[in-house]
Amino acid sequence: MTPPEQADSAPPSSAPADSAIQVRKLRHIEACLRPESQYQRQTTGLEHVPWPYRALPERNLDEVALGTSFLGRPLRAPVLIGAMTGGAQAAGRINRHLALAAQRLGVGLMLGSQRVMLERPEARASFLVREVAPDILLVGNLGGAQFLLGYGPEHARRAVREVGADALAIHVNPLQEALQPGGDTRWAGLTGRLSAVLPHLDFPVVLKEVGHGLDARSVAAAAPLGFAALDVAGAGGTSWARVEQLVHHGAVQSTDLCELGIPTAQALRDARQAAPGVPLIASGGIRTGLDAARALALGAQVVAVARPLLAPALDSAEAVEDWLARFIHDLRVALFVGGYGSVEDVRALSV
């Protein structure tokens, strides 16, 4: 899932009133919690990735090493909390709960779209998590379409600087925008625009889809631009096309279009082939530790999880921490019974 508030589509001059922004963000959260927000026919494809079982693993479970580094920062497990929300008071509470859990477990956190923060300074507080998570890998977030509507290097720098982030994700979501009333549908020239912006940034930048998958042609086009990593955000989890239709129509109307996308497993394979030297983030329907292990075997450096953490984040940091701790434990068990002693051992696979 790439989640609430990845798409703030209205141009700055027509931004809605504060109360409308808050309502829209709450509606995105509510829609993401509905089962109809998930792909109904499409799966991630990870269930078809073989995983070994060794009855004599010849190692101890607690010796399996999950530690790694990503975007220049250490992680105690190859896990990021995926982008969710920001801008409203409830969103700020969610972000703090997520950040606290990330700090306690030593994993990373991606923020939701910060456009609202750049255009309405009063929304900035909902993104400020450094005081509760001083040590985590923190990734900011802006929409790619905004760079065709006037955003430039300074907007990217502000998104990182004002929240103390280490990196920035630029999300692309043409299907979501096309099915959103008033969405951004002018995408011609974005590759060239990003190629002009990235050289002026002195922090890592990630290109990410929002849950419909990065295709091989887009990966090949993006690879030379200087992105530090690509988040494939494949199909099989949350369909943001479905979310938009639930928010605006109360039901999914374009059912076939909402099932479009590249399954996560295929997106990983295609990206690894199209850009073999670029680090990959696996997201989109990652639900279990075994999903994560299989994604690592397909070439991901780290995995990102969002939607399963939304309900816990509405509750407490402890609830988020409990879910993630089980997820990380199951990842460790998968490596253990597969005969792997570390994340690096799994990455050496080619499946």
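Modeller: The model is a predicted one, and the questions below take its labels in turn.

Colleague: What is the mean pLDDT of the chain, and where is the pLDDT below 50?

Modeller: The mean is 93, and 93% of the residues reach 70 or more. Over residues 2-19 the pLDDT is below 50, although this stretch has 63 contacts in the model beyond near neighbours in sequence.

Colleague: How do you know that the structure holds 0 disulfides?

Modeller: A disulfide is a covalent bond between the sulfur atoms of two cysteines. The cut-off for the sulfur pair is 2.5 Å. For Cys32 the closest cysteine sulfur is that of Cys258, at 13 Å, so the pair is too far apart for a bond. Seen from Cys258, the closest cysteine sulfur is in Cys32, again at 13 Å and too far. The count of disulfides is therefore 0.

Colleague: Why are Cys32 and Cys258 called buried?

Modeller: Buried means under 20% relative accessible area. Cys32 has 0% relative accessibility, so Cys32 counts as buried. Cys258 also has a relative accessible area of 0%, and therefore Cys258 is buried.

Colleague: What makes the length of helix α2 close to the expected one?

Modeller: Helix α2 covers residues 89-105, which is 17 residues. From first C-alpha to last, α2 reaches 25 Å, against 24 Å expected at 1.5 Å a residue. After α2 comes Gly106, with a positive phi near 75 degrees.

Colleague: Which residues of α2 are buried?

Modeller: Among them are Ala90, Ala91, Gly92, Asn95 and Leu105. Ile94, His97 and Leu98 are also on the list of buried residues, and these three meet Leu309, Leu310, Ala313, Leu314 and Asp315 in α11.

Colleague: Why are α2 and α11 called roughly perpendicular?

Modeller: Two packed helices are described by the angle between their axes and the distance between the axes. For α2 and α11 (residues 307-315), the angle is about 105 degrees and the axes are 8 Å apart. The label roughly perpendicular covers 65 to 115 degrees. An angle of about 105 degrees falls in that range, so α2 and α11 are roughly perpendicular to each other.

Colleague: Leu298 lies in a loop. Is Leu298 buried or exposed, and how do you know?

Modeller: The loop runs between α10 (289-297) and β10 (302-305). Leu298 has 0% relative accessibility, and with the cut-off at under 20% Leu298 therefore counts as buried. Leu298 and Ala282 are 16 residues apart in sequence, with 9.2 Å between their C-alpha atoms.

Key: Residues are numbered from 1 along each chain as its sequence is written. This is a predicted model: local features need pLDDT of at least 70, side-chain atom pairs count only at pLDDT 80 or more; totals for chains, interfaces and linings use all residues. Side-chain values use heavy atoms; hydrogens and water are left out. Helices (H or I, at least four residues) and strands (E, at least two) are DSSP runs, numbered from the N terminus. The expected span of a helix is 1.5 Å times one less than its number of residues. Buried means under 20% relative accessible area, exposed over 50%, partly exposed in between (1.4 Å probe, protein chains only). pLDDT is the predictor's confidence in each residue, from 0 to 100. Contact means heavy atoms within 4.5 Å. Axes are lines fitted to C-alpha atoms, for helices over the stretch in contact, and angles run from 0 to 180 degrees between N-to-C directions. Angles under 35 degrees count as roughly parallel, over 145 as roughly antiparallel, 65 to 115 as roughly perpendicular and the rest as oblique.
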